[in-house]
Amino acid sequence: MKVESKKELADKVHNIEKEKKIKRAILTGATGTVGSALIRELIDNNIEVLVLCRKDSVRNCNIPSHPLVTKEYCDLSELNNLKNKTGKQWDVFYHFAWSGTTGAARNDLYLQNLNVRYSLDAVNTAKEFGCHTFIGAGSQAEYGRVECVLKPDTPTFPEMGYGIAKLCAGQMTREYAHKLGIKHIWVRILSVYGLKDGSQSMVMSTINKLKNGEVPKFTPSEQMWDYLYSGDAAEAFRLIGEKGIDGKIYVLGSGQAKPLKEYIMELRDVVAPGSELGIGDIPYGEKQVMYLCADISEITADTGWKPSTQFREGITAIIQMMLHKY
């Protein structure tokens with residue numbers, strides 16, 4: 001009879017942990033395109049969901065209604081005092097909520113610093129609810145302007161408060177989660193598009209302007225860009241929750257980049273073929289990122305995930321869901 005070595009036993013335990021199925025998950029920031037898509041993904045996989053959301057948020061209507069979904073009203077500032085009254089032990093805590101994601105607020109240093117504190121509070125909440133895994137939503141802004149494919153170990157040089165705070169939150173929540181005995185994974189999201197996205201995003205604002213007969217205006221749009229459909233992003237987050245490796249950083253995108261103007265023209269051809277586009281009508285902004293592409297090899301190796309939705313398919317799906325008021 002073969003006696004297993006310590007390494008073989010450790011590998012066996014690791015593989016068991018790696019394949020741990022999710023039965024219950026908690027989400028903050030569930031009203032955006034990634035959060036709402038993840039809820040639908042979890043429902044489709046028969047996973048119970050607890051959504052922590054602001055009571056006065058006008059976007060709460062984005063949270064899917066389903067017997068598996070429960071809403072608990074909780075502002076970010078109240079996270080640290082939230083108690084588990086569900087009588088259940090939860091598995092994975094997904095932290096997407098973040099204040100000041102657009103406009104001048106991205107460089108409001110005091111506000112961004114509060115986000116770091118709230119992220120640490122979220123780790124406490126994960127512990128309170130018995131979660132074995134904490135998954136935080138990072139950003140490509142942690143890298144700053146980099147002219148190469150983005151990998152987990154690509155040097156980070158964030159240039160504004162938002163990116164600085166995301167980088168800090170990733171590092172500090174990892175340290176704190178491990179101190180509390182919780183598995184930690186940080187996912188740096190590039191550009192995700194989909195239903196329930198903000199009206200000011202490039203994709204949604206262009207769709208709305210084209211549908212209204214307006215001429216959307218753009219920069220020269222020469223930057224190489226990596227867009228990922230929200231449904232694919234949601235599947236990645238579910239699989240990372242089940243199979244992701246403790247302590248790792250994953251970069252989430254489609255893994256392919258092409259000029260932004262090609263996305264814009266493809267979008268136009270789906271929504272309003274032949275419509276005029278104001279490409280080059282406005283200048284690039286200060287510190288414009290000109291290259292964005294994810295190396296997804298580690299996500300694929302660890303979870304088996306690969307994106308399956310082409311950009312045109314994703315835009316078509318958004319239009320169809322808008323028509324049916326999904």
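Is Q140 buried or exposed? Q140 is buried, at a relative accessible area of 16%, where buried stands for under 20%, exposed for over 50% and partly exposed for what falls in between (1.4 Å probe, protein chains only). Welcome to a short tour of a predicted model, in which local features need pLDDT of at least 70, side-chain atom pairs count only at pLDDT 80 or more, and totals for chains, interfaces and linings use all residues. Residues are numbered from 1 along each chain as its sequence is written, and side-chain values use heavy atoms, with hydrogens and water left out.

**The loop between strand 5 and helix 4**

- Q140 sits in the loop between strand 5 and helix 4; helices (H or I, at least four residues) and strands (E, at least two) are DSSP runs, numbered from the N terminus.
- Setting aside neighbours within four places in sequence, Q140 is in contact (heavy atoms within 4.5 Å) with L150, I189, L190, V289 and L292.
- F157 also lies in the loop between strand 5 and helix 4, and with 59% relative accessibility F157 counts as exposed.
- Not counting residues up to four places away in sequence, F157 touches E142, Y143 and G144.

**Helix 4**

- Helix 4 (residues 161–179) has 19 residues and reaches 26 Å from its first C-alpha to its last, close to the 27 Å expected at 1.5 Å a residue; the expected span is 1.5 Å times one less than the number of residues.
- The buried residues of helix 4 are G161, Y162, G163, A165, K166, L167, A169, G170, T173, R174 and A177.
- Their cover includes helix 3 (109–128), strand 5 (133–139), strand 6 (183–189) and strand 11 (249–252).
- After helix 4 comes G181, with a positive phi near 80 degrees.

**Helix 7 and its partners**

- Helix 7 (residues 260–271) packs with helix 9 (residues 311–323) at an angle of about 40 degrees, the axes being 10 Å apart; axes are lines fitted to C-alpha atoms, for helices over the stretch in contact, and angles run from 0 to 180 degrees between N-to-C directions.
- Helix 7 and helix 9 are therefore oblique to each other, since angles under 35 degrees count as roughly parallel, over 145 as roughly antiparallel, 65 to 115 as roughly perpendicular and the rest as oblique.
- On the helix 7 side, the contact is made by Y263, E266, L267, D269, V270 and V271, and on the helix 9 side by F311, R312, I315, T316 and I319.
- Helix 5 (residues 202–211) and helix 7 likewise pack at about 40 degrees, with axes 10 Å apart.
- Helix 5 supplies M202, V203, T206, I207, L210 and K211 to this contact, and helix 7 supplies L260, I264, L267, R268 and V271.

**Helix 2 and helix 6**

- The axes of helix 2 (residues 33–44) and helix 6 (residues 230–243) come within 8 Å and cross at roughly 65 degrees.
- The contact is made by T33, V34, A37, L38, E41 and L42 of helix 2 together with S230, G231, A234, E235, F237 and R238 of helix 6.
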